[in-house]
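Dear colleague,

Please find below the structure that I am handing over to you. My notes on what was found in it follow directly after.

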Amino acid sequence: MAGVTEMPKQRVVVLFDARSILVAAGVLLGLAATVGFLLLAQAGLILIAIALFLAVALNPAVEFVERRGLGRAWSVAAVYSLALAISVCLALVFVPPLVEQVTRLVDGLPDLVADLTRGQGPLGFLETKYHVVEQVRTATANQGAGSVLGDASSALTAVEDVATTLVGLVIIAVLTFFMLLEGPEWRRRVVDLVPDRNRPAVERIGSGVYRAVGGFVTGNLLASLLAGAVATTIMLVTGVPYAIPLGLFAAIIELVPYVGPVAVTVLVSGVALTQGTAIALVVFVLLAVYHLIEGHTLRPLIYGRALKLSPLSVLVAIVVGTEIAGILGALAAIPIAGSIRVVVVELLRQRNGPDAAAALDRPG
């Protein structure tokens, strides 16, 4: 075409030096080694995470006693002994009815399954409409009926699981005690390794992370215990069976924000269907109202004051954590996200000054 001058073609040449390639390869190998280590040490890391969770929850009480004049060791011993005494008392109160109701649940399953197979009872519609019994039979047809050796193996596995649980509880108890006792000393040792010019920033990050994680753990633990107590009370008042084991499950699953309340409401309402549609509707409404009030008062106070995370940030953290490590990952992801926020705020302080950091360091 006349009057149009073609531009000469330019070639872009990207050069990689050997050092950059080696650094990138080293980073990838380090990440692969870290992931491999986490997978191999998963069981031990879970015990450590639970102990750390308990230590962070108990540490405010230890510091409270320590400010009253006792040394760290005596403060830890006093708080730890009190926590153990409370745990034993709760076990003596709740374990017998828990065992009784779990036994009733196991004994009642055949009748429940029989009614379900005949399409009778409150859950009979699952068979008449969706034929769930036939689907379950089809899915398990290839597994066989079992044998004496299989029963013996199952019994041995059950004993092994009980022993593993007891050993795990002892390890958690010991780890929690020593984390409480030596936690401040470890923190001082880490700070001493930092050069003097960076020490104030590291101390601010450490204090901010501790406040975020400690506030979340303590507040979330109290909120979950309260939710479990409310669910148990509602089931006892409305006559829903197995109130204590379901209430204990509710207190555990409520530790996972947003997801836990929904799961508890659906599960408890489903069990309440065995007592009739009207009772199930009452239970559903009561739990939904409680979780609605809790979700607009207690939970925002925890996440806003301690973590300063928006609901979207919390949900994203839950999804990512669940994908990586299941329920434990969902629980740990939220304080980790709060800790990352603390680090980002400190980096902004270093780069742009206190005003820029203060703009980000606000709830939500």
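I48 is partly exposed, because its relative accessible area is 38%; residues count as buried under 20% relative accessible area, as exposed over 50%, and as partly exposed in between, using a 1.4 Å probe and protein chains only. I48 is found in helix α2. Here helices are DSSP runs of H or I with at least four residues, strands are DSSP runs of E with at least two, and both are numbered from the N terminus. Leaving aside neighbours within four places in sequence, I48 is in contact with L175 and M179, where contact means heavy atoms within 4.5 Å. I48 and M179 are 131 residues apart along the chain, and their C-alpha atoms are separated by 9.8 Å.

Please note that this is a predicted model, in which local features need a pLDDT of at least 70 and side-chain atom pairs count only at pLDDT 80 or more, whereas totals for chains, interfaces and linings use all residues. Residues are numbered from 1 along each chain as its sequence is written, and side-chain values use heavy atoms, with hydrogens and water left out.

The term pLDDT stands for the predictor's confidence in each residue, from 0 to 100. The protein averages a pLDDT of 76, and 73% of the residues score at least 70. Over residues 143-150 the pLDDT is below 50, and this stretch has zero contacts in the model beyond near neighbours in sequence.

As for the overall architecture, the protein has 13 helices and zero strands. Of its 364 residues, 27% are buried. Among contacts with a separation of 6 or more, 66% are between residues 24 or more positions apart.

Two helix pairs deserve a description. In general, two packed helices are described by the angle between their axes and the distance between the axes. The axes are lines fitted to C-alpha atoms, for helices over the stretch in contact, and angles run from 0 to 180 degrees between N-to-C directions.

From α2, the contact is made by F53, V56, A57, N59, P60 and E63, and from α7 by Y210, V213, G214, V217, T218 and L221. Sorted by class, these are eight nonpolar, three polar and one charged residues. In this scheme Ala, Val, Leu, Ile, Met, Phe, Trp, Tyr, Cys and Pro count as nonpolar, Asp, Glu, Lys and Arg as charged, and the others, Gly among them, as polar.

The other pair is formed by helix α8 (residues 243-253) and helix α9 (residues 259-272), which pack at an angle of about 165° with their axes 9 Å apart. That angle makes α8 roughly antiparallel to α9. L246, F249, A250 and I253 of α8 meet G260, V264, L267 and V271 of α9 in this contact. By class, the contact of α8 with α9 has seven nonpolar, one polar and no charged residues. Eight of the 11 residues of α8 are buried, so this helix is largely enclosed by the rest of the structure. Those buried residues are A243, I244, P245, L246, G247, A250, A251 and I253.

Several individual residues may also interest you. Y242 is in the loop between α7 and α8 and has a positive phi of about 60° although it is not a glycine. At 17% relative accessibility, Y242 counts as buried.

T265 is found in helix α9 and counts as buried at 8% relative accessibility. T265 touches F284, L287 and H291, not counting residues up to four places away in sequence. T265 and A231 are 34 residues apart in sequence and 8.8 Å apart in space, C-alpha to C-alpha.

T176, in helix α6 (residues 148-192), is buried, with a relative accessible area of 4%. Apart from neighbours within four places in sequence, T176 is in contact with A51, L54, A55, L58 and Y80.

Finally, E294 lies in helix α10 (residues 277-296) and counts as buried at 4% relative accessibility. Its contacts, leaving aside neighbours within four places in sequence, are A223, A227, E254, R299 and P300.

Yours sincerely

How values were computed:
Parallel < 35°, antiparallel > 145°, perpendicular 65-115°, else oblique.
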